[in-house]
Amino acid sequence: MVGFEIAAVPYNPDGWGPLDSSSNNAVLPNHPTNIPFAPFSRSDKLGRIADFTRNNQNPRNNRVNPNDSAFDFTGDDSFAADDDASFRLVDGKPPPRPKFGPKWRFNQNYHNNRNQLPQRRDEEVEAKKREAERDRARRDRLYNLNRSGGNNPRREAAVFKSSVDIQPEWNMLDQIPFSTFSKLSFSVPEPEDLLMCGGLEFYDRTYDRISPKNERRLERFKNRNFFKVTTTDDPVIRRLANEDKATVFATDSILSTLMCAPRSVYSWDIVIQRVGNKLFFDKRDGSQLDLLAVHETSQEPLPEAKDDINSAYSLSVEAAYINQNFSQQVLVREGGKVSFDEANPFASEGEEVASVGYRYRRWKLDNDMYLVARCEVQSVVEVNNTRSFLTLNALNEFDPKYSGVEWRRKLETQRGAVLATELKNNANKLAKWTAQSILASADMMKLGYVSRVHPRDHFNHVILAVVGYKPKEFATQINLNVSNMWGIVKSIVDLCMKLKEGKYVLVKDPIKPQVRIYEVPADAFENDYVEEPLPEDEQVQPPIENADGTESITEATNDVEDTEIKA
């Protein structure tokens with residue numbers, strides 16, 4: 001039987017570790033002599049125990065370090081050194097730069113500051129940018145050629161066209177840059193209601209739950225009449241003017257155009273009539289103020305061919321009809337109706353009219369200066385036995401390629417991104433709707449998102465969503481300052497009150513961000529957009545002087561029959 005012998009374990013009375021080999025008590029079998037024990041830390045690498053690449057020679061004085069002799073095993077034949085040629089060190093340095101190609105541009109102060117690296121202009125990146133710009137321009141050119149047959153001018157051709165033809169005999173009196181409007185501020189007290197006319201239908205709250213997944217088809221209301229009557233053609237305003245209720249008269253559409261003038265890009269014009277000590281702000285028949293601009297503040301060019309369904313004019317007409325139909329579809333059918341003091345002043349007896357309420361309101365601009373404006377609301381809602389007025393407007397999507405945001409995919413999950421895109425592309429239109437809601441003191445403004453059934457079908461539309469906002473909160477959200485709005489109106493009124501009696505036109509410059517005031521003949525714009533001659537008893541008569549030598553305001557403000565624009 002083979003026995004198992006336990007080797008003797010030496011005892012070191014002087015400390016830890018094995019006994020010193022120089023002592024007589026060292027009992028270490030097979031232990032090399034004259035080799036000191038070197039304690040190592042646990043963090044030291046094992047390669048240091050047998051370092052075959054270490055050079056024991058001190059490069060400065062060629063002296064051998066005796067402390068390293070314990071680790072020098074190169075002279076021992078028992079250690080077979082591997083062939084160094086079989087090892088390859090991976091080179092981590094960057095590859096050398098070619099002697100040819102992009103040159104180095106050194107700093108002029110290189111000798112003064114040697115720590116500064118030389119600056120290099122990356123010509124390859126610049127070349128790629130230029131190539132990308134050429135490709136983008138080529139794609140835009142081919143896109144416009146395919147859509148308009150090759151005869152399509154650039155977007156600037158339509159944008160830089162005046163809304164009214166400036167005649168040579170017109171005398172320019174003044175021009176006001178928009179930069180001066182941003183510094184204006186004026187506070188007005190709360191307005192008072194002088195009269196309310198028309199009737200309102202109740203809002204259908206089921207439309208608040210519409211989403212792109214349960215969209216509703218936009219209906220057409222051909223039997224309902226919509227009126228866009230200017231200031232001097234309004235019989236109520238003529239009556240209030242004869243009663244000296246105010247000095248300045250306008251409509252909410254005209255006032256909102258003035259208030260939001262700095263945001264406008266397209267040209268527009270407003271006719272100003274000074275009659276006695278009174279001032280009337282009018283619009284021309286067939287003016288652009290009756291339409292709704294689309295993508296006015298967008299950088300994406302629109303087709304300029306007028307017969308193209310995506311041209312600026314075609315889109316504005318389409319947006320106007322969408323707003324009219326939307327404002328009537330979201331109402332409760334066969335429901336109750338709220339009637340006001342007087343009926344619709346522009347409708348004939350028995351005529352079916354749209355749901356609209358006219359609030360004739362008066363603001364105090366100065367100690368002896370008041371402004372009366374006709375403001376519109378489209379619906380009413382009753383909450384806790386309290387009636388709240390609503391304004392109804394609709395944004396329309398015609399082609400997602402222009403906006404870059406597809407409403408059917410983004411409205412449910414990223415509604416804020418959709419609204420931000422519309423604020424960028426239609427900043428002026430949204431600001432005017434907000435200003436009109438504030439003028440009418442509407443409690444809520446409803447914005448509908450209406451899209452085409454197909455991008456190439458501009459007759460059929462669907463309602464994707466309806467969102468409500470409080471006008472003043474929405475004004476703060478879009479950075480619309482109410483005091484600045486009234487400051488613009490007050491400055492223009494003060495300027496016009498210094499003019500002599502006559503007719504003037506305020507035109508937004510088609511190129512520069514400024515407005516110009518022209519003095520025009522008294523019969524200017526009288527024959528514009530007349531489809532058929534009026535009867536003799538309804539034609540415009542010259543001003544009639546009263547016994548005291550003053551002109552009659554009723555006759556001098558173009559006493560004609562009420563003009564209506566039917567959808």
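This is a predicted model: local features need pLDDT of at least 70, side-chain atom pairs count only at pLDDT 80 or more; totals for chains, interfaces and linings use all residues.
Local features are reported at pLDDT of at least 70 and side-chain atom pairs only at pLDDT 80 or more, while totals for chains, interfaces and linings use all residues. Residues are numbered from 1 along each chain as its sequence is written, and side-chain values use heavy atoms, with hydrogens and water left out.

I begin with the overall fold. The protein chain contains 12 helices and 15 strands; these are DSSP runs, helices being H or I of at least four residues and strands E of at least two, numbered from the N terminus. Of its 567 residues, 41% are buried, where buried means under 20% relative accessible area with a 1.4 Å probe, protein chains only. Among contacts (heavy atoms within 4.5 Å) between residues at least 6 apart in sequence, 72% join residues at least 24 apart.

I turn now to the interior. In soluble globular proteins, nonpolar side chains tend to be buried together. A nonpolar core is here a set of buried Ala, Val, Leu, Ile, Met, Phe, Trp, Tyr and Cys residues joined through side-chain atoms within 4.5 Å. The largest has 76 residues, and Phe281 and Tyr449 touch the most other members. Helix α11 (residues 482–497) gives this core its largest share, 7 residues. A second, separate core of 18 residues includes Leu240, Ala241, Tyr360 and Val372.

Which residues does Tyr449 touch, beyond four places in sequence? Among them are Leu395, Trp407, Leu411, Val462 and Leu464.

Pro212 lies in the loop between β2 (192–201) and β3 (216–217), and counts as buried because its relative accessible area is 12%. Beyond four places in sequence, Pro212 touches Trp407, Arg408, Leu411, Glu412 and Leu464. Pro212 and Trp407 are 195 residues apart along the chain, yet their C-alpha atoms are separated by 8.1 Å.

Finally, the cysteines. With a disulfide defined as a pair of cysteine sulfur atoms within 2.5 Å, the count is 0. Cys260 is buried because its relative accessibility is 1%, and Cys375 is buried because its value is 0%.

Technical notes:
Buried means under 20% relative accessible area, exposed over 50%, partly exposed in between (1.4 Å probe, protein chains only).
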